Amino acid sequence: MSTIQSSFLIATILMLLLLDFTVDAQSSADVVFPLKRYGNIVPGTDITKALANAWKDACTSNRSSAIVIPRGIFKVKEGIFKGPCTSPIDFQLGGTLQAPKSLQGDNWITFEHIDRLTLSGEGVFDGQGKAAWKKNDCHKRINCAQLPISLRFNFITNSIVKRITSLDSKNFHINVLGCNNLTFHNINITAPENSPNTDGIHIGRSNRIAITMSKIATGDDCISLGDGSKQINITNVTCGPGHGISIGSLGRYTNEEPVEGVNVKNCTMINTTNGVRIKTWPASAASGTATNMQFLDIIMVNVSNPILIDQEYCPWNQCNRKIPSKIKISKVSFKNIRGSCATPVAIKLICSRHLPCDEVKVGDIDLTYNGIKGPITSQCTNVRPIISGKQNPKICSSPYVVP
């Protein structure tokens, strides 16, 4: 072996060693808990117990701590990481965690009651959902069997999730409940277009949630906001395939909380069934409100329903459309939305005849349709929108109707 070859080999080995320790080096934690400390951590093995033990030590540390999972593919039966923890904690995933292929339970990885959590590391949470999708019929039946959600964040505060990937979840990829000041940055979510109920990120009863610089391709809503979602900021998200970015569905259950303060900006929808959507059930279980919602600077690429308010949302005829929705929608803005449609009806504003929409602003819309099903149009019911700027198509050519 020549001197040049030897030098190259040494440099390559050093580079690989450096890559192996990159995750450790990125941590600013005072104490690092490498997973190899908790057993013979070999790719392909089950690390459920090692993770639980590492979490216990890190969570009780008096100094900021980091759990470091190396590169490689590892199996995890279930992970429940509970706080409160004594100090800030960093969960660094360098490799891939694989869920069981079995369909038991409704959780896989859960973080709950934690303040100052950082989840990062460019690793992958692989839900191995392919076997589950053919058994997932929640989009058809109300009383369906629950399947595991890949990542749950319950009652997390002042935290950030960044640079991770969620792959092939059996159900929702990420579910956010009761959280405050939580940011998702540079997240990659991937599942096939035909994977049912695989919402990318679902948020409920949470405040000050931000989703930024992320790519979501899935079989359901890229992002969905349930009741009690407040001060939600979604920026620079690319969605597709999927069902778009949705507020709702709302009104299906009793005791739902108001939705308010939603901002969706600088996002791109590609080959999605919907673009930006607000959906509520007719025959609502109880009254509710959704207000102060803005959709700004959105690009549509071959989107079937680019702009949609649907207060007759009734999938698979699971409700009675003849009974109007009791959810009051107000102070909504659709502005500077441009691109192409897959169907001729580019805008649908279908509001409740019991509670017509108020203060809906539509401005600077420039959408095109090049198909053979007729000219591009809009449909509006029980709403008088405030129109400004460019109108392509003409906004609300259909009449305002309250029987």
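Here are some questions and answers on how terms are applied to this predicted model.

Residues are numbered from 1 along each chain as its sequence is written. In this predicted model local features need pLDDT of at least 70 and side-chain atom pairs count only at pLDDT 80 or more, while totals for chains, interfaces and linings use all residues, and side-chain values use heavy atoms, with hydrogens and water left out.

Q: Why is D221 called buried?
A: Buried means under 20% relative accessible area, exposed over 50%, and partly exposed in between (1.4 Å probe, protein chains only). D221 has a relative accessible area of 2%, so D221 counts as buried. Its place is in the loop between β16 (207-217) and β17 (223-225).

Q: What is D221 in contact with, leaving aside its neighbours within four places in sequence?
A: Contact means heavy atoms within 4.5 Å. The partners of D221 are D199, G200, H243, G244, S246, R277 and K279.

Q: What makes K77 and D46 a salt bridge?
A: The term asks for a side-chain nitrogen of Lys or Arg within 4 Å of a carboxyl oxygen of Asp or Glu. For K77 and D46, the closest N and O atoms are 2.7 Å apart, and the pair forms a salt bridge. K77 lies in the loop between β3 (73-75) and β4 (79-82) and D46 in the loop between β1 (31-34) and α3, so the pair ties together parts that are 31 residues apart in sequence.

Q: Why is K77 called exposed, and why is D46 called partly exposed?
A: K77 counts as exposed because its relative accessibility is 56%. D46, with a relative accessible area of 36%, is therefore partly exposed.

Q: How do you know that E257 and R205 form a salt bridge?
A: Their closest N and O atoms are 3.4 Å apart, and the pair forms a salt bridge. E257 lies in the loop between β19 (245-250) and β20, and R205 in the loop between β15 (201-204) and β16, so parts 52 residues apart in sequence are tied together. R205, D227 and E257 are linked in a network of salt bridges.

Key. Helices (H or I, at least four residues) and strands (E, at least two) are DSSP runs, numbered from the N terminus.
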